[in-house]
Amino acid sequence: MSRVPFLDLSAAYHELRDELEDALLRAARSGFYIGGEEVALFERAFAAHSGSAHCIGVGNGLDALRLSLLALEAGPGDEVIVPSNTFIATWLAVSQCGATLVPVEPNPDSHLITADGIAAALTPRTKVILPVHLYGQPAEMGPIMDLARRHGVKVVADAAQAHGARYRGQAIGGLADLSTWSFYPSKNLGALGDGGAVTTNDPILAERVRMLGNYGSREKYLFELPGMNSRLDPLQAAVLRVKLTYLEEWNARRQRIAQRYIDELSNGEWRLPNTAADADPVWHLFVLRHPQRDVLQRQLRTQGVETLIHYPLPPHRQQAYRGAWPADAFPVANQLSAEVLSLPIGPQLSDDHVSHVIRCLPG
Ligand SMILES: *Cc1c(COP(=O)(O)O)cnc(C)c1O
């Protein structure tokens, strides 16, 4: 029986092994171990690829969010609108800045928050709207940016799952005031360890993010802001420069797998993921909804198909936020967390494995 892994990171490494090892050795031998050319060249390439004027490499995706909120001076007394269904990092960044979380329920078909949902949650204290391009599906940035501009609030987009995604034909990295990225190994653009970035078209915000991630300094031993230390490692930047040149091709492989799932799984008790007409998603995850999700997951496991749940418990029901909201505060997030199931998808998943997954789903 074939065993289908959810995502095979060592296969990804081996596909590019020679190029990656050359890049790693080059960086190791360079004599520059913080910043330097590898980081600068990656930042330039990623800014261009993501459709933005500036890219600042940082330590990870959580720091990218925190630094973006700090650059906008979001803090105590300010409200930040977030999705009720996201990876907990989106929420933790807000909490760690001392700002107040205002969760908004997603549209249950797209799993994304909408401008209408956000509009109903705006108050005079709203400082930032923080949509997430969840599962690689771009949020509706046109209406969200219009709403934000009308109300004088800023937008930080969490793009950790959406490297290469497009909205109305445009790369998403320049659409919000600031967009944040993670290069955690399993992301569409993944390092061999932690990494992250912030992209923006605003040179002043870019400078602030860069200073805040470098002890609040732009000139050695002069500290203008109470910053932190969060920088992209040059060894990871060297790896990411190689992998960025494969991102489009690897996203196209994900797209082909997603299209097979969509075409060949049209009959079943599940609901297939939904893509907006003006969005080009990058299928970080392929997420079904099924009323007996746990039964289906067990059944697939006995047939060798590994699936995951993104995410089994929404942030408001995590121990980290105990006491802050009643369990039933966000019924859409609760229902999605009970029904979602992520099928294997990735650039190294073979056609035979995709066929096996499809055969195992009882249509
Ligand atoms: C992965 C992820 C993050 C955090 O990234 P790290 O690099 O692990 O800190 C933030 N938001 C979302 C939506 C993510 O998927």
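Hi everyone! Let's start with His-290, which sits in the loop between strand S13 (286–289) and helix H11 (293–302). Keep in mind that this is a predicted model. Is His-290 buried or exposed? His-290 has 8% relative accessibility, and the cut-off for buried is under 20%, so His-290 counts as buried. What does His-290 touch, once we set aside its neighbours within four places in sequence? The contacts are Glu-269, Trp-270, Leu-296 and Glu-339.

Now let's step back to the whole protein. The domain assignment gives domain 1 (9–244) and domain 2 (247–360). Their contact draws on 38 residues from domain 1 and 35 residues from domain 2. The C-alpha centres of the two domains are 23 Å apart.

How do we describe an interface like that? The size of an interface is often given as the accessible area lost when the parts come together. Between domain 1 and domain 2, about 3300 Å² is buried, and carbon and sulfur atoms give 58% of that area. On the domain 1 side, Tyr-135, Gln-137 and Asn-188 supply 21% of the area buried against domain 2, more than any other three residues.

Three salt bridges are found across the interface of domain 1 and domain 2.

Which elements of domain 1 face domain 2 with at least two residues each? Among them are helix H1 (9–15), helix H5 (88–96) and helix H9 (234–244). H5 gives the most, with four residues. By class, this side of domain 1 has 18 nonpolar, 13 polar and seven charged residues.

Last topic: the backbone. Most residues other than glycine have a negative phi, and most peptide bonds are trans. With that in mind, look at Glu-73, which is not a glycine and has a positive phi of about 60 degrees. Glu-73 is in the loop between helix H4 (61–71) and strand S2 (79–83), and is exposed, at 57% relative accessible area. Tyr-221 has a positive phi as well, about 70 degrees. Tyr-221 lies in the loop between strand S10 (217–219) and strand S11 (222–223), and at 65% relative accessibility counts as exposed.

Finally, where is there a cis peptide bond? One joins His-310 and Tyr-311, with omega about 10 degrees. Tyr-311 belongs to the loop between H11 and helix H12 (331–339).

Methods
Residues are numbered from 1 along each chain as its sequence is written. This is a predicted model: local features need pLDDT of at least 70, side-chain atom pairs count only at pLDDT 80 or more; totals for chains, interfaces and linings use all residues. Side-chain values use heavy atoms; hydrogens and water are left out. Domain bounds come from an automatic or database domain assignment. Contact means heavy atoms within 4.5 Å. Buried area is the accessible area (1.4 Å probe) that two parts lose on being put together, summed over both. A salt bridge is a side-chain nitrogen of Lys or Arg within 4 Å of a carboxyl oxygen of Asp or Glu. Ala, Val, Leu, Ile, Met, Phe, Trp, Tyr, Cys and Pro count as nonpolar, Asp, Glu, Lys and Arg as charged, and the others, Gly among them, as polar. Buried means under 20% relative accessible area, exposed over 50%, partly exposed in between (1.4 Å probe, protein chains only).
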